[in-house]
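The following questions and answers concern a predicted model. Please consult the sequence and the structure while reading them.

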Amino acid sequence: MGESLQALGNVGVGALVVAATVTLTGLAREPVRRVASALLSPITAMGAMPFTIYTVHLLVLAAAIRVENGFKTDDSWPLTIGLIVGSMVFAWC
């Protein structure tokens with residue numbers, strides 16, 4: 001039951017983000033639309049090449065596996081932030 005509610009919450013947050021970006025870029029006045037489109041252009045670029053981004057994420061995560069306290073892990077905030085920022089820069093270029 002908990003997993004279902006968590007999945008529903010994740011879908012809700014995703015829908016809210018999509019609705020906000022569509023509102024900013026599609027329904028706003030022209031100056032706001034131009035600024036929002038410029039600010040969101042790295043995300044748009046990532047959306048144009050999802051397979052490449054996902055593949056690079058998998059390769060980086062596979063290379064980042066380390067043993068911590070006797071357990072294999074690949075989770076860390078610097079890695080997560082690096083993947084996000086790196087993906088945006090790569091796709092934008």
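Q: Which residue meets Arg34 in a salt bridge?
A: In this predicted model, a salt bridge requires a side-chain nitrogen of Lys or Arg within 4 Å of a carboxyl oxygen of Asp or Glu. The N to O distance for the side chain of Arg34 is 3.7 Å, and its partner is Glu30.

Q: In which helix do Arg34 and Glu30 both lie?
A: The two residues are four residues apart, about one turn of the helix. Arg33 and Glu30 are three residues apart and also lie in this helix, which spans residues 30–47. The element that holds Arg34 and Glu30 is helix α2.

Q: Is Arg34 buried or exposed?
A: The cut-off for the exposed class is over 50% relative accessible area. Arg33, at 27%, counts as partly exposed, and Glu30, at 40%, is partly exposed as well. Arg34 has a relative accessible area of 52%, so this residue is exposed.

Q: With which residue does Arg66 form a salt bridge?
A: Arg66 counts as partly exposed at 31% relative accessibility. The closest N and O atoms of the pair are 3.2 Å apart. The partner is partly exposed, with a relative accessible area of 42%, and is Glu68.

Q: Which residues does Thr73 touch, not counting residues up to four places away in sequence?
A: Thr73 is placed in strand β2, residues 71–73. Since buried means under 20% relative accessible area, Thr73 counts as buried at 15%. The residues touched are Ala64, Ile65, Arg66 and Glu68.

Q: What is the area of the nonpolar surface patch that includes Ile81?
A: Ile81 is found in helix α4, residues 77–92, and is partly exposed at 48% relative accessible area. The patch is made by Trp77, Ile81, Ile84, Val85 and Val89, and its area is about 530 Å².

Q: What is the radius of gyration of the protein chain?
A: The chain has four helices and two strands, which run α-α-α-β-β-α from the N terminus on. For 93 residues the globule rule gives 12 Å, and the chain is well over this, so it is more spread out than a compact globule. The radius of gyration is 17 Å.

Definitions and conventions
Residues are numbered from 1 along each chain as its sequence is written. This is a predicted model: local features need pLDDT of at least 70, side-chain atom pairs count only at pLDDT 80 or more; totals for chains, interfaces and linings use all residues. Side-chain values use heavy atoms; hydrogens and water are left out. Patches are made of residues with over 30% relative accessible area and no salt bridge: like charges are joined within 9 Å, nonpolar side chains (Val, Leu, Ile, Met, Phe, Trp, Tyr) within 5 Å. Accessible areas come from the Shrake-Rupley method with a 1.4 Å probe; for residues, only the protein chains shown count as cover. Buried means under 20% relative accessible area, exposed over 50%, partly exposed in between (1.4 Å probe, protein chains only). Contact means heavy atoms within 4.5 Å. The radius of gyration is taken over C-alpha atoms; the globule rule is 2.2 Å times the number of residues to the power 0.38.
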